[in-house]
Amino acid sequence: MTVTQSRTAEIRRLAAEDRDAAARALAELLRDLFGLEAERIEINRDRYSLNSLNGFFRTGDEAFFFKFHQEEGEEAMSGEYYRADILAKAGLPVDNPVHMSALPGEQILIYRRRTDPRFSDVLRRLDLAPDEAAEARALAAERKLNEALLEVCRKTLHPVDAAEVAAEPIHRLFYERLIDPKSGALPGGRFADFYVGRSFRFPGVELDWEAFSRAAVVINGVRYRRTIGELFAAAAERLRPDRLADAGGVTAHGDAHNANVWYVEGGGAPSLAFFDPAFAGSHVPTLLAEIKATFHNIFAHPLWLYDPAEAATRYRADATFADGVLDIVTDWQPSRIRLGLLEVKAGTFWRPLLATLSERGLLSPDWREVIRLALFLCPTLVMNLRAGASSHNPVSSLIAFSVAVMVGSEPVAGEDVVTRFLDMVDPERG
Ligand SMILES: Nc1ncnc2c1ncn2[C@@H]1O[C@H](COP(=O)(O)OP(=O)(O)O)[C@@H](O)[C@H]1O
Ligand SMILES: [Mg+2]
């Protein structure tokens with residue numbers, strides 16, 4: 001039996017050893033697949049560790065971006081192609097591939113090369129160097145995008161059945177990170193790998209999973225109702241794909257964090273455009289559609305999630321543990337631009353969306369719980385938050401888990417930025 005040689009796998013292998021050979025193999029692939037004469041091929045270095053590969057090339061005076069997906073097979077490339085089209089047809093601004101191959105072993109997507117910054121890069125600069133005029137422009141762009149998102153949600157909102165919702169790829173970002181991908185066993189996947197049975201090192205205290213997952217959490221004097229263990233268990237129950245049909249389905253990107261969004265400074269007001277729509281769909285459970293954007297654009301900043309070393313130099317976080325209570329004190333708080341983004345997201349998107357759901361009889365009574373549990377899984381399962389496991393240190397890890405609990409759980413009493421957000425978007429409140 002002959003095994004088909006994957007040309008993309010071969011290019012990926014070569015890229016780690018012999019860049020010129022990799023570029024030649026890629027040029028040949030592009031010629032065979034699309035009749036393109038690729039010049040000045042650049043393969044991005046920092047991506048090798050992940051299974052994906054991307055980079056740039058030119059043909060004449062046109063510049064392109066190419067991308068091989070992480071996973072071979074499973075129609076990853078044609079999936080992204082088809083999903084970009086779903087968003088474009090709904091009227092959302094999104095990059096469409098100009099070439100695509102879904103041939104086995106030769107899956108590749110080609111986009112026009114952009115020189116715009118990602119919105120995440122623009123906002124990071126504003127975290128570090130606040131600038132009122134630039135912030136106002138960024139917020140105006142965010143408002144315009146959210147008006148478009150709301151319109152698309154309203155236009156596409158429809159009743160869905162459990163099977164339709166369960167078939168959406170967005171669950172790979174939430175529920176499917178809690179379970180074993182093959183057997184479906186819980187705990188499994190990232191949840192089991194990252195946390196279950198592990199130890200947690202914070203400034204002032206080290207806890208094993210048993211103690212950590214069962215600890216009552218107090219953050220800056222506010223006590224939270226649920227433990228970390230209870231939050232994972234509740235998420236595994238309530239975010240099961242077949243339970244998410246109750247709020248209807250919409251057309252959405254689903255993974256529209258700002259590192260998948262371009263900031264386009266034209267002549268006039270800047271605007272935003274999506275790319276990387278691998279998890280988009282047309283039956284996305286409504287309450288999940290903008291969760292990734294809400295968490296990763298707002299609560300993940302400044303610095304603690306993506307720049308843990310930097311966060312440790314700027315923020316303090318300390319913990320004590322006694323009688324089953326993990327008491328955390330930290331001076332971390334969202335920056336002005338993030339609070340501005342929160343206000344826009346709440347007022348322009350969430351509040352009117354929830355009002356629409358309510359009018360159409362699709363607002364489940366536990367909508368706060370669904371939003372909270374989905375927000376909770378964003379930081380905890382996007383990367384390993386334990387100090388020493390990946391990029392995190394004891395300070396960033398403690399801030400990370402405190403933000404995760406704050407978004408995930410109601411406080412026993414008192415308020416925080418998340419209770420204020422949920423009150424702001426509650427359609428039953430004046
Ligand atoms: N059309 C493009 N032009 C230039 N750079 C791009 C383009 N599309 C993506 N990139 C860059 O490549 C990175 C990874 O691309 P993305 O499509 O988000 O893939 P992934 O699946 O790895 O997240 C982006 O964060 C961006 O910096
Ligand atoms: Mg991306």
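In what follows, a residue is called buried when its relative accessible area is under 20%, exposed when that area is over 50%, and partly exposed in between, as calculated with a 1.4 Å probe on protein chains only. The structure is a predicted model, in which local features need pLDDT of at least 70 and side-chain atom pairs count only at pLDDT 80 or more, while totals for chains, interfaces and linings use all residues. Residues are numbered from 1 along each chain as its sequence is written, chains are lettered from A and ligands numbered from 1 in the order in which they are written, and side-chain values use heavy atoms, with hydrogens and water left out.

The magnesium ion (ligand 2) is coordinated by OD1 of Asn260 and by OD of Asp276, at 2.1 to 2.3 Å; donors here are N, O and S atoms within 2.8 Å of the metal (3.2 Å for Na, K and Ca), and since water is not among the atoms, sites may look incomplete. Asn260 belongs to the loop between strand 10 (249–252) and strand 11 (261–264), whereas Asp276 belongs to the loop between strand 12 (271–274) and strand 13 (281–285), so that the pair, 16 residues apart, links distant parts of the chain. Helices (H or I, at least four residues) and strands (E, at least two) are DSSP runs numbered from the N terminus.

The next theme is charge pairing. A salt bridge is taken as a side-chain nitrogen of Lys or Arg within 4 Å of a carboxyl oxygen of Asp or Glu, and by this rule the count is 35. In one of them, the closest N and O atoms of Arg114 and Asp95 are 2.5 Å apart. This pair spans 19 residues, with Arg114 in the loop between strand 5 (106–112) and helix 4 (119–128) and Asp95 in the loop between helix 3 (76–90) and strand 4 (99–103). Arg114 is partly exposed at 27%, but Asp95 is buried at 12%.

Another salt bridge joins the side chains of Arg226 and Glu369 at 3.0 Å, N to O. Because Arg226 lies in the loop between strand 9 (222–223) and helix 9 (228–238) and Glu369 in helix 13 (residues 367–382), this contact ties together parts that are 143 residues apart in sequence. Arg226 is partly exposed at 25%, and Glu369 is partly exposed at 26%.

Arg420 and Glu415 also form a salt bridge, with their closest N and O atoms 2.9 Å apart; Arg420 is partly exposed at 42%, as is Glu415 at 49%. Finally, Arg7, Glu28, Asp32 and Glu106 are linked in a network of salt bridges.
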